[in-house]
Amino acid sequence: MRVVAGKAKGLPLKAVPGNSTRPTTDKVKESVFNMIGPFFDGGNALDLFAGSGGLGIEALSRGIDKTVFIDKDSKAIETIRANLEKTRLNGQAEVYRNDAKRAIKILKKNDFQARLLFLDPPYHITEAYDLMDYAAENGILTTDTIVVCEHEKGVQLADRTKYFERFKNENYGGIAISIYRYTGEEGEIIE
């Protein structure tokens, strides 16, 4: 695993020890960023179920100003911190060991807003994908937010949720990536 592009390009990333997480492969990571736009001109990202932090670190390397990393696993938190140190991106990150839903409530109190949300939960927790609407309802997403969901190929996520519409879906072996854009409650894409 490594950072694919941007200012930390080529730097290796550690995986979380054990079998509790499955890191996003470099090939999938590169494809994700090709789909959502290869580089960013600022804004914040939120990496829920962050694991090794690979997606959020890639976003930082490609121009996101700040990423908040959330994971419940203490080994994941240690790994994220080590990877941020290795890539010298720790000054642009906040790392919290917390439950994803509780973290959203805390971020709301801190007036945090993300334009990029990564949802890569353990595959058996399919209700975790509902957190994109929960985050929108709590006001922590901007009106141009893009949500990247990684899931098992056999899991069918909704084409439309209360606040989001899926505009891309790609399969990579047994993994699928669904990408959503914020549409608001009325379902009209906000430019």
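**From the sheet outward**

Strand 1 and strand 2 run parallel and are joined by five bridges. Helices (H or I, at least four residues) and strands (E, at least two) are DSSP runs, numbered from the N terminus. This is a predicted model, in which local features need pLDDT of at least 70, side-chain atom pairs count only at pLDDT 80 or more, and totals for chains, interfaces and linings use all residues. Residues are numbered from 1 along each chain as its sequence is written, and side-chain values use heavy atoms, with hydrogens and water left out.

Stay with strand 2 for a moment. There, F69 is the bridge partner of D47. Two strands pair if DSSP finds at least two bridges between them.

Next, the cores. In soluble globular proteins, nonpolar side chains tend to be buried together. A nonpolar core is a set of buried Ala, Val, Leu, Ile, Met, Phe, Trp, Tyr and Cys residues joined through side-chain atoms within 4.5 Å. Buried means under 20% relative accessible area, exposed means over 50%, and partly exposed lies in between (1.4 Å probe, protein chains only). The largest nonpolar core has 32 residues, and L46, L48, L119, L131 and F164 touch the most other members. Strand 1, strand 2, helix 4 (100-109), strand 4, helix 5, strand 5 and strand 7 (175-182) each supply at least two residues. Helix 5 gives the most, with five residues.

L46 shows the packing in detail. Contact means heavy atoms within 4.5 Å. Setting aside neighbours within four places in sequence, L46 is in contact with V68, I70, L107, F112, A114, L116, L117, F118 and I140. A second, separate core has 30 residues, including V3, I64, I80 and A93.

V3 also turns up beside L11. L11 lies in the segment before helix 1 (26-36). Beyond its neighbours within four places in sequence, L11 is in contact with R2, V3, K86 and T87. L11 and K86 are 75 residues apart along the chain, yet their C-alpha atoms are separated by 7.7 Å. L11 is partly exposed because its relative accessible area is 24%.

Now the charged pairs. A salt bridge is a side-chain nitrogen of Lys or Arg within 4 Å of a carboxyl oxygen of Asp or Glu. By this rule there are seven salt bridges. One of them joins the side chains of D41 and R115 at 3.1 Å, N to O. D41 sits in the loop between helix 1 and strand 1 (44-48), and R115 in strand 4 (residues 114-119), 74 residues apart. D41 counts as exposed because its relative accessibility is 70%. R115, at 22%, is partly exposed.

E94 and K66 meet in another salt bridge, at 2.6 Å, N to O. This pair links strand 3 (residues 93-97), which holds E94, to strand 2 (residues 66-71), which holds K66, across 28 residues of chain. Both count as partly exposed, E94 at 27% and K66 at 25%.

K162 and E137 form a salt bridge at 3.4 Å, N to O. K162 lies in the loop between strand 5 (141-152) and strand 6 (164-172) and E137 in helix 5 (residues 131-137), so the pair ties together parts 25 residues apart in sequence. K162 is partly exposed at 40%, and E137 is partly exposed at 44%. Salt bridges that share partners also join R2, D26 and K29 into one network.

Most residues other than glycine have a negative phi. Which way does the phi of R88 go, positive or negative? R88 has a positive phi, near 60°. R88 lies in the loop between helix 3 (74-87) and strand 3, and counts as exposed at 68% relative accessibility. D111 also has a positive phi, about 55°, although it is not a glycine. The loop between helix 4 and strand 4 holds D111. D111 counts as exposed because its relative accessibility is 69%.
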